[in-house]
Amino acid sequence: MTYNVGNYLLDRLVELGATEIFGVPGDFNLHFLDDVLAHQNLEWVGNANELNAGYAADGYARVRGIAAICTTYGVGELSAINATAGSYAENVPVIHIVGAPGTSSQQQHGRMHHTLGDGDFMHFVRMAREVNYSVAVLDRATATNDIDRVLREAVLHRKPGYLMLPVDVARTPATAPSAPLDVTTRLSAQDVEEDFRVAATEFLKGKKTAVLADIMTERLDAVEELNDFVTSTNFPFASILWGKAMLDETLPNYAGIYIGALSEETTRKVVEEAEVLISSGVEFTDTTSAHYSHQIDPARVIDLGARGATIAGKVFAPLAMADALRVLKAAAAEAGAVAMDFAGSEADIQLPEVSDSPLKQDELWALLPAHLDAHNTVVADMGTSFFGMANQKFPEDSRFIGMPLWGSIGYSIPALLGAAMADRDSRGVLLVGDGSAQLTIQELGTIIREGINPVMFVINNDGYTIERSIHGPEAKYNDITAYNWQQIPVGFGATGENSVILRATTSRELVDACKVAGETRDKLVFIEVVTDKDDMPQLLRDFGAHVEKMHKSA
């Protein structure tokens, strides 16, 4: 078989770490999908629809560092664009490959299927430019160069990339890559490092210091350096909701989740009253800061970001985050910086008493972490589940994946699929409300087919609880159709051979179900958890009140 442009693209994706491609077939991508199936290092993961495929790729990329989705032109790619926008907002490099009509068909400007019927084949490319960092319409002469450019920029900038692949271009003969693609992200100037070290040493002298960490630390490949920094200095550290579980929450200097005015008092003091706050990859959003209620004086902040570092507003660039953390470790020692006052938390967490009374939300979220393993990948939908788990401590080496900035409900089920396939050694745990689950429950069939065997908690509380917390607790628009969740998995392929289906209405039933899940590693464990529709975790209740107040004052 002649080596072609499609083969070149697939080889580059594998080189960067993507060994699965998500998507949905369509007539404009079928020949390219033949190349996918023929590739010895790739697996095609067909999804229930393109939106789900995009969410799955997003979850995969958060673990692997890159992912790919393949759809057909027009109807397919537009179904996925919401997921792409989420990846763009949350700095996740997903490559969207769109099988498109052939070059000659486009040049003839015909009224083809999957188009708007006006002969303009660039409508959807223009849409894609708004939610992708780099875009290329591949042609025969420059296809491999454009593939390299889009992939490199997606990885470097942690944003999605878009490739329109006409059917004839995919088959065009090409030469295999002769060298690995250069995606070096740690670009620092030596003199800038030295200037930063001198300034940081002076700034830190004898001061009580704390650390605030967020998800961009992970996106910029600096978690290892940040972990080394907080363990070696013993400075207390807090995380933003977005970056939960990025660092080890079992460490004695872990100070909790910082959410502005909604933070626990001990966490708030560590962050807001430290003489120096080292801010690593922090980008506040209205969700993660309780509508910008954080009280942090920039004059006492050393901020480490994607474009460099600042000390009380003075910029040091180019300076990669990983390099800045390495320099800060030496500077803190030289300056004699000390840990901000922090007593730590109680060694033994008191769990709720197990009973046969109707299960309460606070019991649910307190009990669940006690049953997590040290290597779970927890995916929570943006709602009750996300806020319920926010203040709960996770075991060492856990992951927590959510979408708090884009906040698209339904994200978690396909994202769990992607994240679990990206790391099969880490068991996936899904936390999703019944309302969110109804949007993307079709992907349960793919989860069963792929045999990844996660634990899925579907919180059946009869509606859109996060919306009820904000406005209209009794309004009809926050109600949903009631599903028989015990029967749903069967419709998507669950059998006694591949699945266990349970239901928990009390704390005792929940604990028993969690024990079954822990003992059953070779099957999907689907647990319907029933709580009252008016019950919600306190953090969500407080968050909803904040948002409602904001809307009323707008």
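The structure holds 14 aromatic pairs. The model is a predicted one.

**Exercise 1.** Classify the aromatic pair of Phe237 and Tyr254 from its geometry.

*Solution.* 
Step 1. Take the distance: the ring centres are 5.5 Å apart. Pairing requires centres within 6.5 Å.
Step 2. Take the angle: 50 degrees between the planes. Under 30 degrees counts as stacked, over 60 as edge-to-face, and the rest as tilted. The pair is therefore tilted.
Step 3. Phe237 lies in strand E8 (residues 237–240) and Tyr254 in strand E9 (residues 254–258). They are 17 residues apart, and the pair links distant parts of the chain.

**Exercise 2.** Decide whether Phe237 and Tyr254 are buried or exposed.

*Solution.* 
Step 1. Recall the cut-off: buried means under 20% relative accessible area.
Step 2. Phe237 has 0%, so Phe237 is buried.
Step 3. Tyr254 has 5%, so Tyr254 is buried.

**Exercise 3.** Describe the aromatic pair of Phe386 and Phe387, then find the cluster around it.

*Solution.* 
Step 1. The centres are 5.9 Å apart, with 80 degrees between the planes. This pair is edge-to-face.
Step 2. Phe386 and Phe387 are buried.
Step 3. Ring pairs join Phe386 and Phe387 with Phe394, Phe400 and Phe543 in a cluster.
Step 4. Look at Phe394 again. Lys244 lies over its face, 4.4 Å from the ring centre.

**Exercise 4.** Locate Glu193 and list its contacts.

*Solution.* 
Step 1. Glu193 sits in helix H9 (residues 190–204).
Step 2. Its relative accessible area is 18%, so Glu193 is buried.
Step 3. Leaving out residues up to four places away in sequence, Glu193 touches Ser188, Leu319, Asp323, Arg326 and Val327.

Conventions: Residues are numbered from 1 along each chain as its sequence is written. This is a predicted model: local features need pLDDT of at least 70, side-chain atom pairs count only at pLDDT 80 or more; totals for chains, interfaces and linings use all residues. Side-chain values use heavy atoms; hydrogens and water are left out. Helices (H or I, at least four residues) and strands (E, at least two) are DSSP runs, numbered from the N terminus. Buried means under 20% relative accessible area, exposed over 50%, partly exposed in between (1.4 Å probe, protein chains only). Contact means heavy atoms within 4.5 Å. Rings of Phe, Tyr and Trp (its six-membered ring) pair if their centres lie within 6.5 Å; planes under 30 degrees apart count as stacked, over 60 as edge-to-face and the rest as tilted. A charge sits over a ring if NZ of Lys or CZ of Arg is within 6 Å of the ring centre and within 35 degrees of the ring normal.
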